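Have a look at the model first.

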Amino acid sequence: MIGEEQTAEPSVTIAKSESSQQYAISGVAEVLYPHSDACFTLAMALFSRLAPLAGVLCLGWPSLAIAQTAPRCVPLKAVGSEGSVVSKRVSPNTVLFVRDNWNTDFFVPPDSRYSQFLVSLTSKTVGSGTRDSAGQELYTIRAYLKYDDSNTDKLFDQSIELPQGIPFDIQLFSRPYESPYQVNVVVGGERAIGSDYSLTVFGCN
């Protein structure tokens, strides 16, 4: 209408910098403070300082929480060995005075306070035992946690067909407020005799 002053609506423009892959916002301060250069400068300064903080609040805390809750696992030393990886070929079971090699113990350091343990077993070669149609060995696997009170908790006892080269993991949980001094793993079975495997146990907390 003639004689009526028209006011242009402020606009907000989002521009992307191709070189830095960052976004810059212009027009926000003009909308809030259209007549004050000092306020415009102050608004831009506050925005530039608060934006990184908002990124930390939105992105940093969940990532930090995930990192803190992820279990930390350390390989345990095998008893009678200098390392943590044990490689064996399954022997025939015990007959009279000839003992089998199915048992392997892993040392748990004192005051380690591990709340769980991970047993990782990998079948390396096809042995001389009876195999199924897929050529998989049938391993008899048992896992125990040994405690200072001379008690032993058997936490796993199954016969498992293991394909060659694929790790099989078993998770064991210790007693509340108690730490075992050894992890015992039994790997054997008539259908696994002559098979090669590798075994590692991890303590996690």
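Q: Why is Pro180 called buried in this predicted model?
A: Its relative accessible area is 3%, and buried means under 20%, so Pro180 gets the label. You'll find Pro180 in the loop between strand E9 (168–173) and strand E10 (182–188).

Q: What does Pro180 touch, leaving out residues up to four places away in sequence?
A: Val108, Phe117, Leu145, Lys146, Tyr147 and Ser174. For these, contact means heavy atoms within 4.5 Å. As for Tyr144, Pro180 is 36 residues from that tyrosine in sequence, and the two C-alphas are 9.7 Å apart in space.

Q: What makes Arg175 count as lying over the face of Tyr147?
A: Arg175 is 3.9 Å from the ring centre, and the distance cut-off is within 6 Å. There's an angle condition too, within 35 degrees of the ring normal, and Arg175 is listed as lying over the face.

Q: Why are Tyr139 and Tyr197 called an edge-to-face aromatic pair?
A: Their ring centres are 6.3 Å apart, and rings pair within 6.5 Å. The planes are 80° apart, and over 60 counts as edge-to-face, so both parts of the name hold. The structure holds three aromatic pairs.

Q: How do you know that this pair links distant parts of the chain?
A: Tyr139 sits in strand E7 (residues 137–146) and Tyr197 in strand E11 (residues 196–204), 58 residues apart.

Q: Are Tyr139 and Tyr197 buried or exposed, and how do you know?
A: Tyr139 has a relative accessible area of 0% and Tyr197 one of 2%. Buried means under 20%, so Tyr139 is buried, and so is Tyr197.

How values were computed: Residues are numbered from 1 along each chain as its sequence is written. This is a predicted model: local features need pLDDT of at least 70, side-chain atom pairs count only at pLDDT 80 or more; totals for chains, interfaces and linings use all residues. Side-chain values use heavy atoms; hydrogens and water are left out. Rings of Phe, Tyr and Trp (its six-membered ring) pair if their centres lie within 6.5 Å; planes under 30 degrees apart count as stacked, over 60 as edge-to-face and the rest as tilted. Helices (H or I, at least four residues) and strands (E, at least two) are DSSP runs, numbered from the N terminus. Buried means under 20% relative accessible area, exposed over 50%, partly exposed in between (1.4 Å probe, protein chains only).
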